[in-house]
Amino acid sequence: MASKRSLATKLGVIAGFEDPRAALEQYPTPPELAAHVVHLADLHDDIDGRTVVDLGAGTGMFTLAAALRGPARVIGLEIDRDALAIARQNERRVAASAPVHWLHGDATRAPLSVPDPVTVVMNPPFGAQRDNRHADRGFLRTASELAAVSYSVHNEGSREFVESFAADHGGEVTHAFAADFRIRKQFDHHAESAREVDTEVYRIRWQ
Ligand SMILES: C[S@@+](CC[C@H](N)C(=O)[O-])C[C@H]1O[C@@H](n2cnc3c(N)ncnc32)[C@H](O)[C@@H]1O
């Protein structure tokens, strides 16, 4: 298995959103965090031979991080066609070995039937922009329907919500850790050139 650091270095070439849409919370995940999460998924669950699904794939950071390891296939599902076009270019940049399938669709409606076993990795919208608290709920529901195990990024203070959602849907939070998430200025309502956001990452076993 290649190191987490070398995975993060390879992900450094991934281009972000050209014209990010605030309503879709299009913040790219830092390469180091995507590498960390996928490295953990590989250590815990050995993603070799599994299907990895990235819900809200954006420009492909998690999808391509997984594709640089050894899964049977990776599916990146995203609602924004412009982001998917960039994700396809990013795929050529990283030259991943696993087959990658880009799907246009709504991650909260699960337009998918996937050969088992599935690992979901995702950084869903948090509902930070509008009064849309727990916009990640629909993404977690899809994960519960598709995955044996999921890794998801949420905003700080989500523990109670994630644990009770998992328990209500046949899952269990087995690991959690805090992670810094650096967001560069990309929207007019951002005052600073960059800011650190406190996030939390959860591993949930669904079966
Ligand atoms: C915080 S960004 C993360 C992007 C990417 N996964 C990454 O880690 O860099 C959330 C992504 O979810 C997408 N998204 C928002 N609502 C969606 C939906 N209902 N179905 C699919 N994708 C959605 C956004 O367009 C955006 O690309």
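Guide: We can go from the overall fold to a helix pair and then to the ligand. This is a predicted model, in which local features need pLDDT of at least 70 and side-chain atom pairs count only at pLDDT 80 or more, while totals for chains, interfaces and linings use all residues. Residues are numbered from 1 along each chain as its sequence is written.

Visitor: How many helices and strands are there in the protein?

Guide: The protein has six helices and seven strands, where helices are DSSP runs of H or I with at least four residues and strands are E runs of at least two, numbered from the N terminus. Along the sequence they follow the pattern α-α-β-α-β-α-β-β-α-β-α-β-β.

Visitor: At what angle do α1 and α2 pack?

Guide: Helix α1 (residues 4-11) and helix α2 (residues 31-45) pack at about 135°, with axes 8 Å apart; axes are lines fitted to C-alpha atoms, for helices over the stretch in contact, and angles run from 0 to 180 degrees between N-to-C directions.

Visitor: And which residues make that contact?

Guide: On α1 they are K4, L7, A8 and L11, and on α2 they are P31, E32, A34, A35, H36, V38 and H39, counting residues whose C-beta atoms, placed from the backbone, lie within 7 Å.

Visitor: Switching to the ligand, what surrounds it?

Guide: The ligand is surrounded by 21 residues, the closest being L24, T29, G56, G58 and A107, where a residue is near if its C-beta atom, placed from the backbone, lies within 6 Å. Both α3 (61-67) and β2 (73-78) supply at least two residues of this shell.

Visitor: What span does the C-alpha trace have?

Guide: Along its principal axes, the C-alpha trace spans about 45 × 40 × 30 Å.

Key:
Two residues are in contact if their C-beta atoms, placed from the backbone, lie within 7 Å.
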